[in-house]
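Grab a pencil and work through the exercises below.

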Amino acid sequence: MSVILKSLRALSDPTRLRIVALLERNELSVNELQEITRMGQSRISTHLGLLQESGLLESRREGKRTFYKIAASADPNTAEFIQLAVRGAKELPENAPDQLNLKRIVLRRTQEAQIYFNQVAGRFDRSYGPGRSWQAFGQLLLRVMPPLVVADLGSGEGLLSELLARRAKKVIAVDNSEKMVAFGANKARKNKIKNLEFRLGELDTPPIDPASVDVVILSQALHHAADPQQCMVSAHEILRPGGQILILDLLRHNFEQARELYGDRWLGFMESDLQTWLEKAAFKKIEVSVVAREEQPPHFQTVLAAGEK
């Protein structure tokens, strides 16, 4: 059967139209699709299998969960079919409740991540966090030379931002937790650090002007992001020509408890993933390497990725 006929067959069922419409702009797990559509797991899995077999969807494993999204490598014909499917889904009576449930699921993801950070505001630098080693921080700080304007994205209460501010021209610390931002700003005022500014915002849409900073830092923040690749695209936008991105994060691991203990959305990243995302974001002179390994189980490893605009 040809690719076109497979796609047409896959999209001949109203339920599969609903699924494609839900995945048009979002990556969702099987459980999330169940909750949105109110259908059983076996039924959802069957439809997902047919859509993936036809080349309309792709999937990835994240621990025990499987996430699905629209195939990134879809050819023009397939992309056209996807748009037709989305338009067709809008005519279904289930579309309105599907979109409401989708909005709720996406909002819940954000709220669950913020609950953890709000709970630890004010004590984050005294509590354990995977990958927060001075050995790793030292590797990063060696690459920062004054006078520079630095954006610390996902700064938390600003432990690293404070250190950078002692040498940088200016540091802009961005975090999506109001309590973290308030605590960090108050602490900076008490310590009379005048070149450190805290701003409330998301990693993938930081409230920073385009081409206005010399260095973007994501230190143990990317694994909390909804869309890590979009974070790198946004970082490229706010960097000046010749500016540098520096990422410290966890190497891919299987410690599932990190989701509940530390509010992690991703269980680290493969070096190849970071390399690929940086390339797609148009960075050059990319370097990715493991810079630290913890002695105690589960032996988290920290990877440093760097690139130049």
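Helices (H or I, at least four residues) and strands (E, at least two) are DSSP runs, numbered from the N terminus. This is a predicted model, where local features need pLDDT of at least 70, side-chain atom pairs count only at pLDDT 80 or more, and totals for chains, interfaces and linings use all residues. Residues are numbered from 1 along each chain as its sequence is written, and side-chain values use heavy atoms, with hydrogens and water left out.

**Exercise 1.** Work out which helix gives the most to the lining of the second largest pocket.

*Step 1.* List the lining: Ala21, Glu24, Arg25, Asn26, Val86, Lys90, Asn95, Gln99 and Leu102.

*Step 2.* Helix H6 (residues 95-120) comes out on top, with three residues.

**Exercise 2.** Sort out which residues of H5 are buried and which exposed residues sit on the face turned away from them.

*Step 1.* Buried means under 20% relative accessible area, and exposed means over 50% (1.4 Å probe, protein chains only).

*Step 2.* The buried set in H5 is Thr78, Phe81, Ile82, Ala85, Val86 and Ala89.

*Step 3.* Look down the axis of H5: the buried residues fall within an arc of 140 degrees, so they line one face of the helix. That arc is taken from the directions from the helix axis to the C-beta atoms.

**Exercise 3.** Describe how Trp266, Phe269 and Trp277 pair up.

*Step 1.* Rings of Phe, Tyr and Trp (its six-membered ring) pair if their centres lie within 6.5 Å; planes under 30 degrees apart count as stacked, over 60 as edge-to-face and the rest as tilted.

*Step 2.* The whole structure holds three aromatic pairs. One of them joins Trp266 and Phe269, tilted, at 5.9 Å centre to centre with 35 degrees between the planes.

*Step 3.* Phe269 also pairs edge-to-face with Trp277, at 5.6 Å and 80 degrees.

*Step 4.* Put together, Trp266, Phe269 and Trp277 form one aromatic cluster.

How values were computed: On a 1 Å grid over the protein atoms alone, a cavity is a set of points where a 1.4 Å probe fits but cannot get out, and a pocket is an open set with protein on both sides within 12 Å along at least five of seven lines; lining residues have an atom within 4 Å of a point.
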